[in-house]
Amino acid sequence: MSSIIVRGLDDRVKQQLASQAKEHGRSMEAEVRDILTKAARRPHIGMALLDVARELGGVDELPVPTRDDVARAAEFE
């Protein structure tokens, strides 16, 4: 099994991880391992949508409307 070192972690993040680990009844290392594993296995939403579109026949003929408005800065009062 591989190991990594995370430098420069904010103290508040470390405290939050310790709190979550305690809530889940495991070590902080096990908590971080679980979080990273879930994050790495989470599907990329853009790729998931593209796969669904391909299964439904693709989006090659999808009309894209022409944008004719002009971008402007927001006005705050």
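Biologist: Which elements of the chain have the lowest and the highest mean pLDDT?

Modeller: This is a predicted model, in which local features need pLDDT of at least 70 and side-chain atom pairs count only at pLDDT 80 or more, whereas totals for chains, interfaces and linings use all residues. Residues are numbered from 1 along each chain as its sequence is written, and side-chain values use heavy atoms, with hydrogens and water left out. pLDDT is the predictor's confidence in each residue, from 0 to 100, and helices are DSSP runs (H or I, at least four residues) numbered from the N terminus. The lowest mean, 84, belongs to α3, and the highest, 96, to helix α1 (residues 11-24).

Biologist: Is E31 buried or exposed?

Modeller: E31 is located in helix α2, residues 28-41. Buried means under 20% relative accessible area, exposed over 50%, and partly exposed in between (1.4 Å probe, protein chains only). Because its relative accessibility is 2%, E31 is classed as buried.

Biologist: Which residues does E31 touch, not counting those up to four places away in sequence?

Modeller: Contact requires heavy atoms within 4.5 Å. With residues up to four places away in sequence not counted, the partners of E31 are L17, Q20, A21, H24 and R26.

Biologist: What separation do the C-alpha atoms of D60 and G25 have?

Modeller: D60 lies in the segment after α3 (45-55), and its relative accessible area of 75% makes D60 exposed. D60 and G25 are 35 residues apart along the chain, and their C-alpha atoms are separated by 50 Å.

Conventions. Helix = DSSP H or I, 4+ residues; strand = E, 2+ residues; numbered from the N terminus.
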